[in-house]
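Student: I would like to know how the terms for a protein model are decided. Could we go through them one at a time?

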Amino acid sequence: MSDDPTHVREFFGARAADWDSRFPDDGPAYAAAVADVGLRPGDAVLDAGCGTGRALPPLRDAVGPTGTVVGIDLTPEMLAEATKAGRDKDGALILADVAGLPLRDGALDAVFGAGLVSHLADPGRDLRELARVVRPGGRLALFHPIGRAALAARHGRQITDDDLRAEPNLRPMLARSGWELVAYTDEDDRYLALAVRRTE
């Protein structure tokens, strides 16, 4: 399961203006997922594929005023909506592709990615790029406010065995990309996979 960057930009660009109004009740789910990442005051964290920036306020709360929060997204319209919502006050917004992050090696303590994996053009490569910018022992959180079955039902589909977000597929993909999956939850009202950056 992968997605072309041009298609991602077109899909989300066309939906950016009313994205938050379509999912108005997701805030508590984002806050709970951020809490599970285990961020500390002063940490540096990336919201990869940040969209309208719904994770930025809880990420800022977690790392405090001395921490660093960066939101990166492929879609200019999404970043414009994040700014319009005032979320640029919680973190720096950068137009960039996860495939080539404008960050130095080991710069971050954690990466948060909401709805990210299914939109990556090359999941293995892109997860390795996320690993590159996270220090050994740092964390990766792959999140969605509803689980795989509920999401598939929303789109009139069934879960398939080749779904990259399924634990038997995700665990080895993460392992090949420099991560170790340490916690996995896939329930109707939550999807959260937590991984730790391995020491090479």
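Student: What makes a set of residues the largest nonpolar core here, and which residues have the most contacts inside it?

Tutor: A nonpolar core is a set of buried Ala, Val, Leu, Ile, Met, Phe, Trp, Tyr and Cys residues joined through side-chain atoms within 4.5 Å. The largest one has 30 residues, and those with the most contacts inside it are Leu46, Leu108, Val111, Leu130, Leu140, Leu174 and Trp179. Strand 1 (44-48), strand 2 (68-73), strand 4, helix 6, strand 5, helix 8, strand 6 and strand 7 each supply at least two residues of this core. A second, separate core of 19 residues includes Ala29, Phe112, Ala141 and Leu194. In soluble globular proteins, nonpolar side chains tend to be buried together.

Student: Where do the numbers come from?

Tutor: This is a predicted model, in which local features need pLDDT of at least 70 and side-chain atom pairs count only at pLDDT 80 or more, while totals for chains, interfaces and linings use all residues. Residues are numbered from 1 along each chain as its sequence is written, and side-chain values use heavy atoms, with hydrogens and water left out.

Student: What does phenylalanine 23 touch?

Tutor: Contact means heavy atoms within 4.5 Å. Not counting residues up to four places away in sequence, phenylalanine 23 touches Arg54 and Arg154.

Student: How do you know that the buried residues of helix 8 line one face?

Tutor: The buried residues of helix 8 (residues 167-176) are Leu170, Met173 and Leu174. Seen down the axis, they fall within an arc of 100°, so they line one face of the helix. The arc is that of the directions from the helix axis to the C-beta atoms. On the other side of helix 8, Pro168 and Arg176 are exposed.

Student: What do the buried residues of helix 8 pack against?

Tutor: They pack against helix 6 (123-132), strand 5 (134-144), strand 6 (179-187) and strand 7 (190-197). Leaving aside neighbours within four places in sequence, leucine 174 is in contact with Leu127, Leu140, Trp179, Leu181, Ala195 and Arg198.

Student: What kind of pair do phenylalanine 112 and phenylalanine 143 form?

Tutor: Their ring centres are 5.6 Å apart and their planes are at 35°, so this pair is tilted. Phenylalanine 112 is in strand 4 (residues 108-114), 31 residues from phenylalanine 143. Both residues are buried. Ring pairs link Tyr30, Phe112 and Phe143 into a cluster.

Student: What makes strand 2 largely enclosed?

Tutor: 5 of the 6 residues of strand 2 are buried, so the strand is largely enclosed by the rest of the structure. Strand 1 is also mostly covered, with 5 of its 5 residues buried. On one side of strand 1 these are Ala44, Leu46 and Ala48, and on the other Val45 and Asp47.

Student: How do you know that strand 1 and strand 2 pair?

Tutor: Two strands pair if DSSP finds at least two bridges between them. Strand 1 and strand 2 have 5 bridges and run in the parallel sense. Valine 45 has valine 69 as its bridge partner, and leucine 46 has valine 70. Strand 1 is also joined to strand 4 by 3 bridges, again parallel.

Student: Which hand does the crossover from strand 1 to strand 2 have?

Tutor: A crossover is right-handed if, with the strands pointing away from the viewer, the path from the first strand over the helix to the second runs clockwise. The chain crosses from strand 1 through helix 4 (residues 56-63) to strand 2, and this β-α-β crossover is right-handed.

Notes. Buried means under 20% relative accessible area, exposed over 50%, partly exposed in between (1.4 Å probe, protein chains only). Helices (H or I, at least four residues) and strands (E, at least two) are DSSP runs, numbered from the N terminus. Rings of Phe, Tyr and Trp (its six-membered ring) pair if their centres lie within 6.5 Å; planes under 30 degrees apart count as stacked, over 60 as edge-to-face and the rest as tilted.
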